[in-house]
Amino acid sequence: MEYIFISILLACIILSYLNHRRNMELLCSVSSPERGTEAERRLVIKMLKKGVHPKAIFHDLYLQKKNGEYSQIDIVVATPQGLIAIEVKDYSGWIFGNERQKYWTQILNYGKEKYRFYNPIMQNAGHIKVLQEQSEQFANLPIYNVVLFTGDSVLKDVSYMSDNTYVGYNTDIKYVLKKVGEADFANYTNKKEVASILRQAVNNGNDPQIIADHIASVQRNNKGQPQPIISYSTGLLGFCLRKLFRF
């Protein structure tokens, strides 16, 4: 009996290792294990497994604004119907809010703890505005505002009415891709320009000075602003940390 248990355990370890190696191979076709958050990387892998082409996914982008600062976007997916700008939120607790409220509410510990955080629809709308400023073509492309929650979060009362907007969970990505795929084709005038600008935005994330300047800008802009509790997992241990918004 002991040998059977050991054999099963070894088989599980081997399968887990092979699955992890396959996931890393998929991830490295788009990004690297050091870029972004674990939740973002899991979403990239999930999209690749759903059949999204690696060249259509751009992860951890830093786009320059008109004022010279940078806007960080978690993921952009280029589709025939336009661009999907994805903001990934790895939060715990119950989430309440609507698209018109400046701040949403996070409730933890059965209502004993409450935190506010900036409306992620508005946050991602800011990212989309920076995308639209990149060129005349970007300004005319349909860009979908997608906010996906992961971790132990539960969307208890979240509402929105705007077109091209979706708020849900990371597990909803298949639905998001399907709904976008049902829209009319976008009028790309120069696909090479789109790919070049998005690739450069990804490459900007390899520049330590750009990262340092961006972090300093975020700290200035968020000084005194309400912050949520972010859920992170390391191995089998889960812990919560405060995390700065990334604009």
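Mentor: Before we start, contact means heavy atoms within 4.5 Å. This is a predicted model, where local features need pLDDT of at least 70, side-chain atom pairs count only at pLDDT 80 or more, and totals for chains, interfaces and linings use all residues. Residues are numbered from 1 along each chain as its sequence is written, and side-chain values use heavy atoms, with hydrogens and water left out.

Trainee: OK, what does methionine 47 touch?

Mentor: Leaving out residues up to four places away in sequence, Met47 touches Val52, Ile57, Ile75, Val77, Ile86, Ile173 and Leu177.

Trainee: And which residues of helix H5 are buried?

Mentor: In H5 (residues 173–181), they're Ile173, Val176, Leu177 and Val180. Those four lie on the same side of H5, because they cover an arc of only 95° around the axis. That arc is taken from the directions from the helix axis to the C-beta atoms. Buried means under 20% relative accessible area, exposed over 50%, and partly exposed in between (1.4 Å probe, protein chains only). Helices (H or I, at least four residues) are DSSP runs, as are strands (E, at least two), numbered from the N terminus.

Trainee: What's on the other side of H5?

Mentor: Lys174 and Lys178, both exposed.

Trainee: New topic: how do strands S5 and S6 pair?

Mentor: Antiparallel, with six bridges between S5 (residues 103–108) and S6 (residues 113–118). Pairing takes at least two bridges found by DSSP. Trp104 stands opposite Phe117 in S6.

Trainee: Where does pLDDT stay under 50?

Mentor: Over residues 232–247. pLDDT is the predictor's confidence in each residue, from 0 to 100. For the chain, the mean is 89, with 93% of residues at 70 or more.
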